[in-house]
Amino acid sequence: MYVIVWKYEVSPSQDESFKSAYGSAGDWATLFSRGSGYIGTELIAVGPSDYITIDRWQSIEDFERFLTGNRADYQDLDEACAVFTVKEELIGQGLADVL
């Protein structure tokens with residue numbers, strides 16, 4: 001399994017919108033579900049305005065194929081969701097046995 005982990009600091013006034021977009025049935029998961037090999041997304045609260053997302057794919061190749069075929073929509077959604085966050089950071093990505 002290939003995982004991608006992001007950490008976000010969310011603007012307090014945007015908390016509900018952020019959770020709606022980044023949750024397991026949110027806008028990002030809907031977009032990712034276009035890709036073969038997408039397993040799912042988990043949203044974890046780690047503080048009052050801090051969250052982590054874990055995106056799971058069968059393989060890095062599945063994720064890269066998704067990006068290649070959906071780059072414009074990915075960028076558009078990323079820009080639309082930028083108003084929700086104060087800061088975002090890629091924590092890591094790579095192969096994982098279990099998560």
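**Sheet, pocket and a buried threonine**

Y2 stands opposite W57 in β3. The model is predicted: local features need pLDDT of at least 70, side-chain atom pairs count only at pLDDT 80 or more, and totals for chains, interfaces and linings use all residues. Residues are numbered from 1 along each chain as its sequence is written, and side-chain values use heavy atoms, with hydrogens and water left out.

Strand β1 covers residues 2-10 and β3 covers residues 50-57. Helices (H or I, at least four residues) and strands (E, at least two) are DSSP runs, numbered from the N terminus. The two strands run antiparallel and are joined by 8 bridges. E9 faces D50 of β3. Two strands count as paired if DSSP finds at least two bridges between them. β1 also pairs with β4, again in the antiparallel sense, over 9 bridges. Here V3 stands opposite G94. Strands of a sheet pair through backbone hydrogen bonds, either parallel or antiparallel.

These pairings belong to an open sheet of 4 strands, ordered β2-β3-β1-β4, with antiparallel pairing. β2 (38-45) and β4 (85-95) are the edge strands, each pairing on one side only. On average, neighbouring strands are turned by 15° against each other, direction ignored. Axes are lines fitted to C-alpha atoms, and angles run from 0 to 180 degrees between N-to-C directions. β1 is mostly covered, with 7 of its 9 residues buried. Buried means under 20% relative accessible area, exposed over 50%, and partly exposed in between (1.4 Å probe, protein chains only).

T53 lies in strand β3. T53 counts as buried because its relative accessible area is 3%. Leaving out residues up to four places away in sequence, T53 touches I4, V5, W6, Y8, Y22, E42 and L43. Contact means heavy atoms within 4.5 Å. T53 and G69 are 16 residues apart along the chain, and their C-alpha atoms are separated by 22 Å.

The largest pocket holds about 220 Å³ of space. Of its 15 lining residues, W6, Y8, F32, D55 and Y74 are the closest to its centre. A pocket is an open set of points on a 1 Å grid over the protein atoms alone, where a 1.4 Å probe fits, with protein on both sides within 12 Å along at least five of seven lines; lining residues have an atom within 4 Å of a point. The volume is the space filled by probe spheres set on the points, which are joined across faces, edges and corners. β1, α2 (27-32), β3, α3 (60-81) and β4 each supply at least two lining residues.
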